[in-house]
Amino acid sequence: MTVLMEEMGRAVMPGPFLATVLLGGAMILEAGSPAQRQEWLPRIAAGSAKVSLAWTEPDARWDAAGIVATGRETAGGFVLSGAKLFVPDAHVSDALVVAVRTRDGSTMEDGVSLFLVPKDAAGFTVTLLPTIDETCKLCEVKLDNVALPPAALLGEQHRGWPALARVLDRATVALCAEMCGGAQRVPDLTTDYAKIRVAFGRPSGSYQGVKHRAADMLVDVENAKSLTYYAAWTIDEGLTEAPLAVSMAKAYASDAYRKVAGAGIQLHGGVGFTWEHDLLLYFKRAKACEVAFGDTTWHRERVARSMSA
């Protein structure tokens, strides 16, 4: 999956793959009942169904404390109320896995429950949001007393956070791989251009200042890839340091992709600043990925907490 996502990032591929496979579908695989898995996973694998994950809210937090939307238990099932923000590809999803708070537990992680909400549920509305990267669609989801049957509960009631955290860590590694693929494509484009762009009678790539910037770009990309593949390995092996490795990869890859995309634009000169050039797509994707699944500051704080624990 890491290799696949890296190639998708290299092509700045649009579409709901990450949302469906690594968020919604992975959540059903991780916490769903046998009946839920049988209903959704074959359709997702066949490409006939799309499912996303809604956990972030207007407070823009990525931890369990950010989940304040509520789920009340009733005689006939559950009623969900609240709002979710920055939900990827919700407007084309057939259902959403929604994280809500069903009780006030002893910790913020305790009391989080997951529900599988179909797109045609009454009181369930999706609004497409304007974003910096129009190839990555984000939506606002409102839950206005959405009534659900007991079968809509995904996993164990009040104990949905551990499964959600595992899925988010895997998806974050996949996003890091996508960033690495995009970041690698930028110096490829830049060095190709530097070989043919003539300035003062010489190719621009022959100047020492350009060479230094290109070398810095390579170092940033290679470091990001090393951290990303290490994080993927810790996830595969089920190691306890996996969350630490994930945050290290995300913090570094976010900075690296933004810096590399910016340097690529600079080294292209005037043509790099045009909207028609492909570099704009990579720069916008870099900015969008930088804040997805937690920005650099949040992940560095997570690293600090993990190392001091």
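The legends below accompany close-up views of a predicted model.

**View 1. Packing of helix H1 against helix H2.** Helix H1, formed by residues 2-10, packs against helix H2, formed by residues 17-31, at an angle of about 160°. The axes of H1 and H2 are 13 Å apart. Because angles over 145 degrees count as roughly antiparallel, the pair H1 and H2 is described as roughly antiparallel. The crossing of H1 and H2 is left-handed. On the H1 side, the residues that meet H2 are Leu 4, Met 5 and Met 8; on the H2 side, their partners are Phe 17, Leu 18 and Leu 22. By class, this contact comprises 6 nonpolar residues, with no polar and no charged residues.

**View 2. Packing of helix H2 against helix H4.** The axes of H2 and H4 are 9 Å apart, and the two helices pack at an angle of about 155°. H2 is therefore roughly antiparallel to H4. H2 passes H4 in a right-handed crossing. The contact draws on Leu 18, Leu 22, Leu 23, Ala 26, Met 27, Glu 30 and Ala 31 from H2. These residues meet a set in H4 made up of Ala 163, Leu 164, Arg 166, Val 167, Leu 168, Arg 170, Ala 171, Ala 174, Leu 175 and Glu 178. Of the residues in this contact, 13 are nonpolar and 4 are charged, and none is polar.

**View 3. Packing of helix H4 against helix H6.** Helix H6 spans residues 242-268, and its axis comes within 9 Å of that of H4. The axes of H4 and H6 cross at roughly 25°, so H4 runs roughly parallel to H6. The crossing of H4 and H6 is left-handed. The contact of H4 with H6 contains 17 nonpolar, 6 polar and 2 charged residues.

**View 4. The nonpolar cores and the surroundings of Leu 53.** The largest nonpolar core has 64 residues. Within this core, the residues with the most contacts are Met 27, Leu 53, Trp 55, Val 97 and Leu 164. Helix H4, residues 161-196, supplies the largest share of the core, namely 16 residues. A second, separate core has 20 residues, including Ala 69, Leu 96, Val 146 and Leu 148. Apart from neighbours within four places in sequence, Leu 53 contacts Leu 23, Gly 24 and Met 27, as well as Val 87, Pro 88, Leu 96 and Val 97. The contacts of Leu 53 also include Leu 164 and Leu 168. Both Leu 164 and Leu 168 also belong to the H4 residues that meet H2.

**View 5. Arg 10 in helix H1.** Arg 10 is found in helix H1. The relative accessible area of Arg 10 is 24%, so this residue is partly exposed. When neighbours within four places in sequence are set aside, Arg 10 is in contact with Gly 181, Gly 182, Gln 184, Arg 185, Asp 188 and Tyr 282. Arg 10 and Asp 255 lie 245 residues apart along the chain, and their C-alpha atoms are separated by 17 Å.

**View 6. Val 141 in strand E7.** Val 141 lies in strand E7, which covers residues 138-148. With a relative accessibility of 0%, Val 141 counts as buried. Beyond neighbours within four places in sequence, the contacts of Val 141 are Gly 82, Ala 83, Lys 84, Val 87, Ala 90, Leu 96, Phe 124, Thr 125 and Val 126. The C-alpha atoms of Val 141 and Leu 227 are separated by 34 Å, for residues that are 86 places apart along the chain.

View 7. Most residues other than glycine have a negative phi. Ala 60, a residue other than glycine, has a positive phi near 60°. Ala 60 is found in the loop between strand E1 (51-54) and strand E2 (70-74). A relative accessible area of 39% makes Ala 60 partly exposed. Phe 200 likewise has a positive phi, of about 55°, although it is not a glycine. The loop that holds Phe 200 lies between strand E9 (198-199) and strand E10 (202-203). Phe 200 is exposed, with a relative accessible area of 82%.

Terms used. Residues numbered from 1 in each chain as written. Predicted model: local features only at pLDDT ≥ 70, side-chain atom pairs only at ≥ 80, totals over all residues. Heavy atoms only, no water. Axes fitted to C-alpha atoms, helices over the stretch in contact; angles between N-to-C directions. Helix = DSSP H or I, 4+ residues; strand = E, 2+ residues; numbered from the N terminus. Parallel < 35°, antiparallel > 145°, perpendicular 65-115°, else oblique. Left-handed = near helix turned anticlockwise from the far one by under 90°. Contact = heavy atoms within 4.5 Å. Nonpolar A, V, L, I, M, F, W, Y, C, P; charged D, E, K, R; others polar. Core = buried A, V, L, I, M, F, W, Y, C linked by side-chain atoms within 4.5 Å. Buried < 20%, exposed > 50% of the residue type's maximum accessible area, 1.4 Å probe, protein only.
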